[in-house]
Amino acid sequence: MSAFFGAKIGSSEQDRERVIQSLMQTLLKKTTKVKPIHSLKGRNKATAIRMMAVFALDIYSRSAATPDARCTRCKGRGKTVDRVLFQKTGEQSWKDCDKCKGRGFNQPKWSTISTVLLKLAPDLNHKQFQRQIQPLIEDMVTVLNIAEAEADRALHHASH
Ligand SMILES: [Zn+2]
């Protein structure tokens, strides 16, 4: 668990690698249902799985803490003034930022990984990527967020 926590604050390469390895284990099991990936051989398969793990970690570690990933439109707040409403009512109200969807930080582009994965796995098509691979990666981000919350709790508990 501390490995996950360390990955976020970027403490060590070793921690990061441990997280990637554990994500890869999970992804290997989960992709047995995704034939174009499952049927890949040797190094290609390892590369494809590793890319997915690294991409998940990339999305996860961008969450607000990293200044250079901060959304330029809302400056990391995740909210912008609703101009339409402002013009109508004169009241300042906030809405989720359109650019980052309220996250406050820019996500890495899915196209960067889909392009490479589609090349690596010739049987994979874009629709499969969106329907099967993307949700898997998003699941991994959730796993990382849960692990971080648990590590936070453990840390909090230890200091009391
Ligand atoms: Zn934004």
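Reply: Happy to. A residue is buried if 20 or more other C-beta atoms lie within 10 Å of its own, exposed if 12 or fewer, and partly exposed in between, with C-beta atoms placed from the backbone. This is a predicted model, where local features need pLDDT of at least 70, side-chain atom pairs count only at pLDDT 80 or more, and totals for chains, interfaces and linings use all residues. Residues are numbered from 1 along each chain as its sequence is written.

Me: Is Leu 117 buried or exposed?
Reply: Leu 117 sits in helix α6 (helices are DSSP runs of H or I, at least four residues, and strands are runs of E, at least two, numbered from the N terminus). There are 21 C-beta neighbours inside 10 Å of Leu 117, so this residue counts as buried.

Me: Which residues does Leu 117 touch, leaving out those up to four places away in sequence?
Reply: Touching means contact: two C-beta atoms, placed from the backbone, within 7 Å. By that rule, the partners of Leu 117 are Ala 48, Met 51, Leu 124, Phe 129 and Ile 133.

Me: How far apart in space are Leu 117 and Met 52, C-alpha to C-alpha?
Reply: Along the sequence, 65 residues separate Leu 117 and Met 52. In space, C-alpha to C-alpha, the distance is 8.8 Å.

Me: Where does α7 bend?
Reply: α7 has 33 residues and reaches 46 Å from its first C-alpha to its last. The bend (the angle between axes fitted to the seven residues ending at a residue and the seven starting there) is about 30°, and Pro 135 follows within four residues. The place is Ile 133.

Me: What share of the residues in the protein is buried?
Reply: Overall, the protein has 7 helices and 2 strands, in the order α-α-α-α-β-α-β-α-α. Of its 160 residues, the buried share is 23%.

Key: The expected span of a helix is 1.5 Å times one less than its number of residues.
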